[in-house]
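Please walk through this model with the coordinates open beside the text. The paragraphs below move from charged side chains to helices, then to a hairpin and a surface patch.

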Amino acid sequence: MAKLVVWRHGQTDYNLQGRVQGVTDISLNEAGLAQADVAAPIIAAYKPVKIIASPLERAQQTAQALAKLTGVKVASDKRLIERSFGIWEGLTGKEIKSNWPQEFELWRGKCATPAGIGMEEREAVGHRSAAAMRDAVEGLGTDDTVVLVAHSAVLTMGTTCLLGLDPNNWSGLLSLGNCAWGVLHNGLRPPGWAIRQWNVSVTDSSNSTPAIW
């Protein structure tokens, strides 16, 4: 079975400050660059034949740490870009809860997509990222590995769709922490995919920010 390693980018200043990032293009901070350098040798041990990353800078920087070790060039796929959070991008959770209490409760308490914010629907995020995941392993051999470097919402919702579940009604996967990864295998038995590892990290917990956005 082909392996798919899904790897979240390292820490940014927005992560550290608890701000919503979304499609805002934020670079890794010093801790995030260090996280990528520490995790890359472990990811490299999977011997990826492809490295595909979100076009956003934080994902590209993380992917380059792996590319330097493996010699595999980084390809980009816009379907792996982070979920858009509309007018909430750049704000902290406290600011959002204070100014949009009902919408905040829908988002955080019920995993719903509040109206009027410009937030991308969960189902749309899941389906576009799942399509990128399927295409990434198309035609590969049973021992081949692809690494996708992206964002927690995209990777979690995409994996949910790969498992045949509805991201609007099921949120059983933990959000990936900064520079954490998961390993999936594809096979013949329904739903065609299985999770072997999830939210694995070698970085210090003080520098790894769980994805709450």
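Is D77 buried or exposed? In this predicted model, D77 has a relative accessible area of 14% and is therefore buried, since the cut-off for that class is under 20%. D135 is partly exposed at a relative accessible area of 44%, and D77, R79 and D135 are together linked in a network of salt bridges.

The count of salt bridges comes to four, and one of them is formed by the side chains of E95 and R19, at 3.8 Å from N to O. Because E95 lies in helix α4 (residues 93–99) and R19 in the loop between α1 (13–17) and α2, this pair ties together parts that are 76 residues apart in sequence. E95 is partly exposed, with a relative accessible area of 32%, and R19 is also partly exposed, with a value of 24%.

After α6 comes G139, whose phi is positive, near 80 degrees.

Helix α3 can be read in a similar way. At 1.5 Å a residue, its 14 residues should span 20 Å, and its end C-alpha atoms are 20 Å apart, which agrees. Among its buried residues are R58, A59, Q60, T62 and L66, and the cover over the buried residues of α3 includes β1, α2 (30–44), β2, β3 (74–76) and β4. Q60, which is placed in this helix of residues 57–70, has a relative accessible area of 16% and is buried. Leaving aside residues up to four places away in sequence, Q60 touches A53, S54, P55, V74 and S76.

Just after α3, G71 takes a positive phi of about 80 degrees, and G71 lies in the loop between α3 and β3. At 65% relative accessibility, G71 counts as exposed. Although G71 and V49 are 22 residues apart in sequence, their C-alpha atoms are 9.7 Å apart in space.

The strands β5 and β6 pair in the antiparallel sense over five bridges, with I195 in β6 as the bridge partner of L184. These two strands form a hairpin with six residues between them, and G192 in its turn has a positive phi of about 100 degrees. The segment after β6 (193–200) holds V202, a residue that is partly exposed, with a relative accessible area of 35%. Together with V38 and I42, V202 makes a nonpolar surface patch of about 210 Å².

Conventions:
Residues numbered from 1 in each chain as written. Predicted model: local features only at pLDDT ≥ 70, side-chain atom pairs only at ≥ 80, totals over all residues. Heavy atoms only, no water. Patch = residues over 30% accessible without salt bridge, like charges linked within 9 Å, V, L, I, M, F, W, Y side chains within 5 Å. Areas by Shrake-Rupley, 256 points an atom, 1.4 Å probe, with all protein chains shown as cover. Helix = DSSP H or I, 4+ residues; strand = E, 2+ residues; numbered from the N terminus. Buried < 20%, exposed > 50% of the residue type's maximum accessible area, 1.4 Å probe, protein only. Contact = heavy atoms within 4.5 Å. Expected span 1.5 Å × (residues − 1). Pairing = 2+ DSSP bridges.
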